[in-house]
Amino acid sequence: MVFQKRYHPPGTAPGTLAGAAVEAGALNISLINYTSDHIEEVQKASIGDCRMSLDRPDKTWIHVTGRPDPKLMTDLGQFFGLHPLALEDVLNAGQRPKADVYEGQLFVVLSEMRQTPDGLQAVQVSFFQGENFVISIQEDGAEDLFEPIRKRLRQAGSRLRSKDADYLLYALIDLVVDRKYPMLERIGERIEQLDDELLERPSRSSVGQIHGLKRDLLVIRRFCWPEREVIGWLLRDEASLIGREARTYLRDCYDHSVQIIDLLETYREMVSMQMEVYLSAISHRLNEIIRVLTVISTIFIPLTFITSLYGMNFEFMPELRSRWGYPAVLLVMASLAVLMVLWFWRRGWLRRS
Amino acid sequence: MVFQKRYHPPGTAPGTLAGAAVEAGALNISLINYTSDHIEEVQKASIGDCRMSLDRPDKTWIHVTGRPDPKLMTDLGQFFGLHPLALEDVLNAGQRPKADVYEGQLFVVLSEMRQTPDGLQAVQVSFFQGENFVISIQEDGAEDLFEPIRKRLRQAGSRLRSKDADYLLYALIDLVVDRKYPMLERIGERIEQLDDELLERPSRSSVGQIHGLKRDLLVIRRFCWPEREVIGWLLRDEASLIGREARTYLRDCYDHSVQIIDLLETYREMVSMQMEVYLSAISHRLNEIIRVLTVISTIFIPLTFITSLYGMNFEFMPELRSRWGYPAVLLVMASLAVLMVLWFWRRGWLRRS
Amino acid sequence: MVFQKRYHPPGTAPGTLAGAAVEAGALNISLINYTSDHIEEVQKASIGDCRMSLDRPDKTWIHVTGRPDPKLMTDLGQFFGLHPLALEDVLNAGQRPKADVYEGQLFVVLSEMRQTPDGLQAVQVSFFQGENFVISIQEDGAEDLFEPIRKRLRQAGSRLRSKDADYLLYALIDLVVDRKYPMLERIGERIEQLDDELLERPSRSSVGQIHGLKRDLLVIRRFCWPEREVIGWLLRDEASLIGREARTYLRDCYDHSVQIIDLLETYREMVSMQMEVYLSAISHRLNEIIRVLTVISTIFIPLTFITSLYGMNFEFMPELRSRWGYPAVLLVMASLAVLMVLWFWRRGWLRRS
Amino acid sequence: MVFQKRYHPPGTAPGTLAGAAVEAGALNISLINYTSDHIEEVQKASIGDCRMSLDRPDKTWIHVTGRPDPKLMTDLGQFFGLHPLALEDVLNAGQRPKADVYEGQLFVVLSEMRQTPDGLQAVQVSFFQGENFVISIQEDGAEDLFEPIRKRLRQAGSRLRSKDADYLLYALIDLVVDRKYPMLERIGERIEQLDDELLERPSRSSVGQIHGLKRDLLVIRRFCWPEREVIGWLLRDEASLIGREARTYLRDCYDHSVQIIDLLETYREMVSMQMEVYLSAISHRLNEIIRVLTVISTIFIPLTFITSLYGMNFEFMPELRSRWGYPAVLLVMASLAVLMVLWFWRRGWLRRS
Amino acid sequence: MVFQKRYHPPGTAPGTLAGAAVEAGALNISLINYTSDHIEEVQKASIGDCRMSLDRPDKTWIHVTGRPDPKLMTDLGQFFGLHPLALEDVLNAGQRPKADVYEGQLFVVLSEMRQTPDGLQAVQVSFFQGENFVISIQEDGAEDLFEPIRKRLRQAGSRLRSKDADYLLYALIDLVVDRKYPMLERIGERIEQLDDELLERPSRSSVGQIHGLKRDLLVIRRFCWPEREVIGWLLRDEASLIGREARTYLRDCYDHSVQIIDLLETYREMVSMQMEVYLSAISHRLNEIIRVLTVISTIFIPLTFITSLYGMNFEFMPELRSRWGYPAVLLVMASLAVLMVLWFWRRGWLRRS
């Protein structure tokens with residue numbers, strides 16, 4: 001499915017939070033309150049738990065997995081003062097990666113890639129960052145992306161614990177970006193396998209594979225280019241709410257996103273090349289097949305003509321009566337065949353090219 | 001029809017408002033006067049009704065559906081102080097989307113896509129925004145684009161009612177932009193269907209479909225790129241008459257127009273890919289056909305040569321007399337055939353590739 | 001002819017006005033002196049007439065059709081203080097569209113397209129604008145481009161009469177730009193005709209037509225892109241000598257030149273597409289032809305083998321003696337033929353694809 | 001030879017002036033001292049002559065043809081205070097066109113194209129401009145590029161004589177740029193000839209020609225794009241040492257370099273088009289050849305089957321006995337042939353497409 | 001292997017220095033302390049030696065060959081105050097070339113190309129530059145890149161000795177950049193050989209070679225473009241820590257990196273061209289093969305029909321009885337063959353095209 005965006009009917013008022021009904025049980029909220037000294041985790045938090053953490057002085061990270069329902073988003077929006085346009089973007093998943101600042105709060109949309117039977121699909125990951133909270137929403141509930149961050153948070157003395165919310169946001173973004181590396185590594189392997197296959201034994205199924213690779217690269221590309229823009233904007237823009245120290249780290253993350261795009265574009269060129277190699281292989285094989293046909297036909301058609309010449313039933317054909325007619329014709333035909341073979345040999349049609 | 005622009009003979013004075021005659025009854029003016037407290041609608045308004053709303057303190061929205069005649073535009077122009085160059089652009093439909101400010105009034109041209117038997121066609125939608133009025137002109141009368149906005153306006157307490165004219169303009173622009181989503185969704189479905197067809201049973205008609213898709217994408221693209229520019233200009237330019245608050249919403253609309261272009265470019269690449277897949281499928285099928293020909297010919301041509309050899313009428317052919325001649329020849333031919341088949345098998349020509 | 005530029009031998013001093021000899025009678029000077037109150041026209045003016053209008057207070061428009069000779073340009077240059085480099089550019093036609101300011105005078109080069117048997121050719125149109133004069137030079141004498149402007153000038157009370165020389169210059173430039181519309185409309189029609197032809201009955205001559213279209217588009221493109229730059233420069237640059245009011249109109253003209261380029265690029269993509277469609281049509285037809293060959297050969301070659309088997313002259317072939325030999329062989333061959341046909345039918349080779 | 005750059009072993013100290021040994025007699029120095037009043041020329045000047053002109057108040061132009069040896073460059077460098085990095089660039093010919101300012105001296109590298117049996121090759125032309133001298137070095141000695149400038153210098157009262165060294169530099173650069181015109185004109189002619197050939201009688205040698213053209217255009221392009229940059233930099237940059245007056249002229253030269261690039265890119269597109277036309281011509285010819293084969297085979301294969309049917313030696317074939325057997329079979333075969341021909345006619349396979 | 005980047009599992013804390021275990025003995029540290037007066041070299045330095053040179057007033061250059069282990073980098077980082085993110089980049093080799101400033105220290109990553117059986121591979125070369133030290137780390141130990149620099153350092157009075165650390169850094173960067181010249185020269189030779197092969201005797205192996213060339217160019221390109229950016233940044237940015245004098249030299253190095261990219265892009269176009277030439281050669285050869293088949297078939301199929309006509313066993317075939325039947329048929333067949341040959345000759349099918 002190429003078109004992945006959920007959208008309201010055109011003309012709906014902006015900020016309308018009416019999404020499709022959510023499958024029961026698909027949603028999970030994980031709530032963490034932490035300072036450098038202590039950490040409190042609630043695994044399956046209720047919206048009320050989130051509400052309460054507002055009044056506490058420590059830093060709060062709320063992570064929602066699974067597609068959120070409008071009710072939840074409205075509540076979160078009210079408690080944390082999130083902008084309706086941003087909430088709408090969370091519900092209408094399939095957004096282009098973007099970053100916006102709404103009244104002192106940072107809103108960031110990124111995307112994670114999932115392998116499906118139809119090829120890669122993007123899963124939206126959204127972030128809100130305020131004074132001392134981060135809310136992250138991952139559109140599907142298949143796998144909790146941020147478990148490694150949670151592990152680091154649990155370690156007393158880790159840098160994550162002592163820094164502000166912007167550093168937590170950086171860590172989350174960094175993880176989403178870095179998850180593209182193993183994905184690209186897998187694609188690189190598919191390309192190399194296909195390369196070998198194409199140069200050795202190209203087959204009809206290769207086209208499907210090339211097509212699938214191109215499609216996947218198009219999908220990744222559609223999300224990675226704006227991702228780079230988003231991180232570049234966070235890094236450079238005055239308004240971006242990311243502190244000086246977190247920016248130093250974000251610069252590293254930006255380098256990664258640039259490198260990912262470099263790789264993507266290299267891959268795209270390699271896959272284009274593969275289509276050319278496939279087409280040239282088909283053409284080459286056609287040549288081989290037709291060469292066989294031509295060699296066989298060209299040798300036997302004149303010979304068959306000769307034999308059928310002497311198969312004519314004319315009464316007065318002196319050769320037929322001759323004692324040496326048959327051997328002579330055999331000799332002629334043999335010579336002709338040898339000449340033909342020599343001629344083909346000289347033209348290189350008998351060697352495999 | 002690719003060339004869609006109406007134009008005056010070169011050398012005509014600028015601002016000349018002489019268009020083609022308009023078909024009777026095609027034109028409809030809908031007039032709405034509203035404040036946050038009340039709303040008045042006139043469905044089939046006359047030009048006089050429009051004139052009168054000028055003197056009223058409330059906000060006015062005039063929507064014209066169907067291609068306007070020069071007379072109407074001249075009158076509107078005089079009443080509301082619209083610039084002749086802008087009026088000319090409305091009459092000479094087929095404009096590139098654009099935004100201009102003429103003496104304190106904003107003039108915006110966007111486009112709506114219509115499905116016709118010849119493929120997609122653009123329909124021009126023009127907007128004038130002044131102090132407290134918005135005039136919108138939709139070039140064809142097929143379907144009133146802005147009915148959803150009208151519904152929202154009728155709801156007491158809706159944000160549209162309480163805000164200024166620039167917010168109404170934003171809402172209209174937003175609707176025109178968002179209408180590209182369902183259109184692109186339909187095109188995405190066409191692409192996927194064609195993908196399946198191409199990988200399973202490519203046929204001559206596929207070329208026509210690929211061609212049609214490419215053509216439609218070219219048409220959309222020609223209007224969507226400048227549309228993005230227009231909205232970007234409205235968003236950023238000092239002169240654009242859009243207030244700070246409406247800009248927050250317009251930014252969302254801009255994101256949509258960027259995403260639409262992303263999708264378009266992805267689609268374009270997918271359609272290019274489809275042409276390649278089609279060509280490779282044709283080549284592959286050619287290979288298959290010729291392989292059948294070659295296999296059959298290569299097996300039977302030598303055999304036929306042998307049979308016609310013994311069809312010769314020479315008197316002295318000892319084999320013909322031999323009791324074992326016939327079975328021996330049959331054996332030779334059978335062995336030859338088996339050898340050939342084995343050779344083809346080993347080369348993989350008997351398997352479907 | 002792709003290379004159209006006239007040039008001096010490299011190393012010639014800049015500003016040298018030595019052109020080729022001009023064919024007698026090819027040159028015509030039309031001189032108009034006008035204010036908002038009166039207008040004076042001289043159809044076949046001499047260089048002396050031009051000289052005299054210098055001393056008059058009213059506005060002067062000198063239009064030269066046909067390739068000017070160096071003598072004339074030198075004289076005009078002296079009288080009106082034109083810069084030698086600009087004069088050289090007028091004589092060495094085939095310039096890239098450009099705009100320059102030389103000591104308070106504006107020099108603009110645009111181009112007009114002419115249909116010739118070898119395809120489209122560019123004709124250079126040059127303009128000088130000073131305090132109260134405009135000199136326009138049209139490289140060929142085939143058709144006076146500016147007759148519509150002259151008509152408007154003759155109308156008392158026309159805007160052209162009351163405005164300054166910069167507005168006249170705008171009007172001339174606008175006309176040159178707008179003349180691209182009918183030309184592009186014609187090309188659009190050629191493209192659509194060719195589209196129909198390619199999808200229905202592609203022939204060898206289609207390649208020539210596609211080639212011709214591509215070539216024409218390349219020629220137009222080479223002149224339209226810099227034309228847009230020129231008008232953009234006139235519009236934006238401080239130095240451009242175009243007044244504030246004329247700029248409002250020129251902005252409209254700029255929009256046109258942008259739209260022309262949009263169309264051009266769309267056309268170029270459509271023509272590329274046509275080449276692909278043509279190539280796929282050829283490939284498809286090849287498939288059809290070879291399918292016929294393969295079907296016929298594959299059915300008859302084995303049958304012929306059987307017949308020629310029983311055409312052998314062995315003395316001991318028991319089948320030949322049998323009463324049922326002939327009918328049995330006929331039956332076998334018929335069955336074989338039917339089986340073959342069924343096999344081809346199942347593979348879809350008997351249907352037109 | 002694509003890779004043309006001479007370079008030191010990586011890691012050599014910058015400014016090292018060790019070049020290859022120079023063939024004796026290949027080098028020629030021409031020295032001109034001039035003011036507006038007088039001119040002195042030395043045809044085969046020694047390095048001592050150059051040294052002496054340093055002390056004179058008049059302007060000096062030293063022109064070196066042939067690849068200079070390190071000794072000469074070191075001496076020139078010492079006398080005129082040239083920077084070692086610039087001297088290294090002169091010796092390591094094959095530089096990208098560039099312009100640099102070293103301590104009040106301007107250093108410019110341009111390139112001239114030479115036709116060789118392997119296609120076009122670039123010849124480096126370097127310039128140093130100081131207070132009142134210009135040194136120009138032309139990498140090969142085949143033809144003195146600047147003879148036309150020398151002629152203009154000899155004319156008393158020529159603009160060259162009265163202006164400063166920067167005007168002389170301009171004149172030299174202008175000549176190098178303008179020499180691309182005749183070269184492009186020749187390439188344009190090659191393209192047109194090839195166009196005609198491709199549409200009328202494409203042959204195997206056309207590929208070689210297209211390949212040669214593309215290669216030449218790549219070589220020119222590699223040097224013309226940076227040449228435009230260099231001239232643009234000289235024109236615009238504060239640091240460029242070119243006076244206000246020479247800049248007016250240089251602007252003209254810049255226009256030429258832009259036009260040259262326009263032409264180049266147009267040529268490149270035309271040559272790409274030619275490859276497509278060639279490929280479509282080959283495909284078309286293949287169709288024609290195979291159509292002949294198919295028509296002949298399809299008509300005669302069934303007929304031959306019939307004849308060989310009645311060539312079978314069964315004893316009981318009633319038709320063979322019949323008086324009308326032979327004429328009947330002839331009639332059947334004739335009808336079949338006619339039907340086949342009609343069928344082919346209707347499908348358009350007998351007309352040349 | 002296209003994907004070359006080493007990376008931590010996503011979500012690892014930034015600055016983590018845990019790399020793979022390093023093969024024993026692969027690592028070598030070479031330490032040089034120098035001033036303009038003296039130089040001290042330690043060939044196989046320990047980390048302790050490095051530590052000691054910190055306290056000395058002279059300039060220090062530490063060069064590490066072979067992939068460093070985390071322990072070594074941690075130590076170096078502590079002694080010289082290197083930033084953990086930079087150290088991580090050194091360990092996670094396969095970085096995109098980049099330059100960063102961390103607290104007064106410059107960190108630069110470049111790359112060197114190595115020929116491997118799988119094509120070119122990039123080897124990361126990293127540099128740290130502080131007040132009076134340079135640390136360079138070359139990812140593999142195959143060949144010490146910087147031996148030429150060491151030779152220059154050993155020469156008393158060399159510029160390297162007297163200048164600051166930034167000049168040493170420049171010299172190292174310059175060497176890494178210049179090493180691309182011989183590599184590109186070798187690729188240029190491969191392209192030219194392949195060119196000749198393709199125009200004379202294209203074979204199946206050509207595709208593999210074209211593919212290999214394209215792949216190598218993609219790899220180089222992926223590293224050379226950012227390398228140019230890095231050097232451009234060092235040259236222009238305020239923060240880059242490169243002094244004014246070293247910048248003069250670095251500008252030369254920048255010119256080289258630009259020229260390398262020019263060459264790369266030219267090569268890429270040439271290799272694309274080669275694929276086209278190969279495809280056209282295959283098509284052409286197919287034409288030749290099929291022409292032979294068609295000529296032979298078209299001449300002999302009708303003749304064989306005639307012979308098999310008179311091989312029919314009808315009792316009443318008057319021609320068979322005629323004395324002149326046989327000679328007449330021979331004559332007819334000979335004429336037919338001659339006519340066919342003439343017809344083919346006229347169509348040019350007997351000449352090699």
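Predicted model: local features only at pLDDT ≥ 70, side-chain atom pairs only at ≥ 80, totals over all residues.
Domain bounds here come from an automatic or database domain assignment.

View 1. Residues are numbered from 1 along each chain as its sequence is written, while chains are lettered from A and ligands numbered from 1 in the order in which they are written. Chain A splits into domain 1 (28-280) and domain 2 (286-346). Their C-alpha centres lie 74 Å apart.

**View 2. The open sheet of chain C.** Strands (E, at least two residues) and helices (H or I, at least four residues) are DSSP runs, numbered from the N terminus. In chain C, 7 strands form an open sheet with mixed pairing, in the order 2-1-3-7-6-5-4. Two strands pair if DSSP finds at least two bridges between them. Strand 2 (39-42) and strand 4 (98-102) of chain C are the edge strands, each pairing on one side only. Neighbouring strands of this sheet are turned by 15° against each other on average, direction ignored. Axes are lines fitted to C-alpha atoms, for helices over the stretch in contact, and angles run from 0 to 180 degrees between N-to-C directions.

**View 3. Strands 6 and 7 of chain C, with helix 6.** Strand 6 (residues 119-129) and strand 7 (residues 133-138) of chain C pair in the antiparallel sense over 5 bridges. Ser126(C) has Ile137(C), in strand 7 of chain C, as its bridge partner. Helix 6 (residues 165-178) of chain C lies across strand 3 (59-65), strand 5 (105-116), strand 6 and strand 7 of chain C. This helix runs at about 175° to strand 6 of chain C.

**View 4. The contact between chains D and C.** Here 54 residues of chain D are in contact with 45 residues of chain C (C-beta atoms, placed from the backbone, within 7 Å). Helix 4 (147-154), helix 6 (165-178), helix 7 (180-200) and helix 9 (244-309) of chain D each give two or more residues to the chain D side. Helix 9 of chain D has the largest share, 30 residues. The chain D side divides into 24 nonpolar, 16 polar and 14 charged residues. Ala, Val, Leu, Ile, Met, Phe, Trp, Tyr, Cys and Pro count as nonpolar, Asp, Glu, Lys and Arg as charged, and the others, Gly among them, as polar.

View 5. Helix 8 (residues 204-236) of chain D has 33 residues. From first C-alpha to last it reaches 49 Å, close to the 48 Å expected at 1.5 Å a residue (1.5 Å times one less than its number of residues). A kink of about 25° is centred on Arg221(D) (the angle between axes fitted to the seven residues ending there and the seven starting there).

Key:
Contact = placed C-beta atoms within 7 Å.
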